[in-house]
Amino acid sequence: MIRLTKFSLVFLLFLAGNVYAQDELLTIQQAVEQAISNNAGLNQMRARLVQKENEWRTNTGVSAPEISYFKEGISDDPTAPFAEKRVAITQEVDFPLTSVYRVKALKQEVEAQQNVIVAKEKEISSQVKSKYIEVVYALYLQRSRENQLKLAQDLYNAVYTKFETGLGNGIDLANAEIQLDEARNDLDQSEWILHQARYGLFNVMGLPVEEQKYSIQFADTLYATDIDISQIQALAVQEEQPAYRASMNLLNASDYFLKEAKSNILPDVRFSIYKQDYGTGYDFNGFEVGLSIPIWYPFDQKGKIQMATARKEELLWNQKEIRLNMKKEIEYAWHNYSVSRSIVNRYHDSMQERSSKLQSMSLRAYQLGEIDLLELLNAQQIYLKSEQRYLTALRDYYMQLAALEQYLNQELIY
């Protein structure tokens with residue numbers, strides 16, 4: 001069942017104040033559509049598909065017919081200037097079985113290219129969503145760093161107040177000043193992380209340079225499907241993966257090419273029909289049939305058979321590699337997804353409230369002189385560390401869903 005998880009809802013509301021005031025809003029779906037439309041590699045694949053779809057027309061085994069004129073027995077005798085004249089049409093064709101196997105192999109290669117394109121589209125979609133998630137994470141990180149700066153400012157104010165009243169010391173004040181400057185540095189760094197994420201997204205989208213504007217905003221409205229391992233095992237059927245289907249198509253094509261190579265030992269056919277003139281006009285007809293004899297089998301046909309056999313073996317190993325890599329990627333994405341989901345849930349269930357409460361209580365206790373600066377700093381570090389770990393886990397959660405989308409026939413992030 002597709003639903004908005006509770007931590008996705010927090011993800012949505014966190015920046016809601018910025019979302020609805022945006023003029024140039026780029027959604028995650030728009031980013032995916034733009035990338036699939038503009039991706040150079042994908043468009044090259046589409047062009048190769050058109051080439052492959054028309055390749056069979058040039059490989060039917062039927063060559064262009066030859067029209068020839070023949071004149072024999074030419075002499076100076078005006079009463080019999082020639083013995084025979086002939087106009088002929090000659091046609092050469094491969095052995096029919098050879099052409100059938102070749103065309104079938106080419107059709108399998110067309111299907112393979114179609115599956116490669118589908119796999120590439122899934123890969124691009126996953127990449128774009130990952131980049132979009134990085135942008136959203138950078139926005140969250142910037143907001144977190146602003147909160148960190150506010151806490152550092154509150155800390156400095158509390159220390160400065162105690163210092164002014166004679167209850168504090170210069171060491172604590174210097175420490176508070178350093179914490180404040182570090183918070184400013186972290187906030188500046190978060191801005192660079194955001195710009196890096198934005199341009200990473202623009203690049204994978206293939207967005208023209210003149211359209212990469214600072215006014216482009218990003219919708220923090222990511223919905224996620226909460227799935228478990230049994231669903232992944234049921235949905236990620238290996239034989240249905242486009243990359244695997246493409247390998248099967250190529251393997252089938254190699255079978256047909258091997259059969260084609262073996263059928264080359266059968267003779268090609270050459271035949272001619274012609275009109276003959278023996279001096280009284282083209283009153284006679286004739287025909288000629290020829291067969292090619294594969295006397296060079298050890299060099300020509302045998303070489304083609306061995307090449308086709310080796311190609312089939314190469315594709316078998318390639319298919320095994322695809323299966324292993326696919327299993328590795330699915331397992332990796334699932335386990336990382338599972339771990340990050342646990343961290344996010346734990347943060348929402350207990351850590352968020354407790355760490356926030358600890359931080360506010362510690363600041364109040366420091367102001368009252370109940371704890372020293374070290375204990376206050378420790379409480380603030382716990383609060384900030386748990387929040388930033390949560391953001392990292394939330395980013396990983398979405399990233400792994402984006403990775404899993406490549407192997408499932410449904411959208412997990414939209």
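Nine aromatic pairs are counted in this predicted model. The rings of Y156 and Y160 are stacked, because their centres are 5.8 Å apart and their planes meet at 20°, under the limit of 30 degrees for stacking. Both residues belong to helix α5 (residues 96-164), where four residues, about one turn of the helix, separate them. Y156 is buried, at a relative accessible area of 18%, whereas Y160 is partly exposed, at 36%.

The rings of W334 and Y337 form a tilted pair, since their centres are 5.4 Å apart and their planes lie at 45°. These two residues are three apart in helix α9 (residues 301-367), about one helical turn. W334 and Y337 are both buried.

Ring pairs also join Y132, Y199, F202 and F218 in a cluster.

| Charged residue | Ring | Distance from charged end to ring centre |
|---|---|---|
| R86 | Y274 | 4.4 Å |
| K162 | Y366 | 4.1 Å |

Which residues is Q400 in contact with, leaving aside its neighbours within four places in sequence? They are Y332, A333, N336 and Y337. Q400 itself is located in helix α10 (residues 373-404). With a relative accessibility of 9%, Q400 is classed as buried, because the cut-off for that class is under 20%.

Methods: Residues numbered from 1 in each chain as written. Predicted model: local features only at pLDDT ≥ 70, side-chain atom pairs only at ≥ 80, totals over all residues. Heavy atoms only, no water. Buried < 20%, exposed > 50% of the residue type's maximum accessible area, 1.4 Å probe, protein only. Contact = heavy atoms within 4.5 Å. Phe/Tyr/Trp six-rings, centres within 6.5 Å; stacked < 30°, edge-to-face > 60°. Lys NZ or Arg CZ within 6 Å of the ring centre and 35° of its normal.
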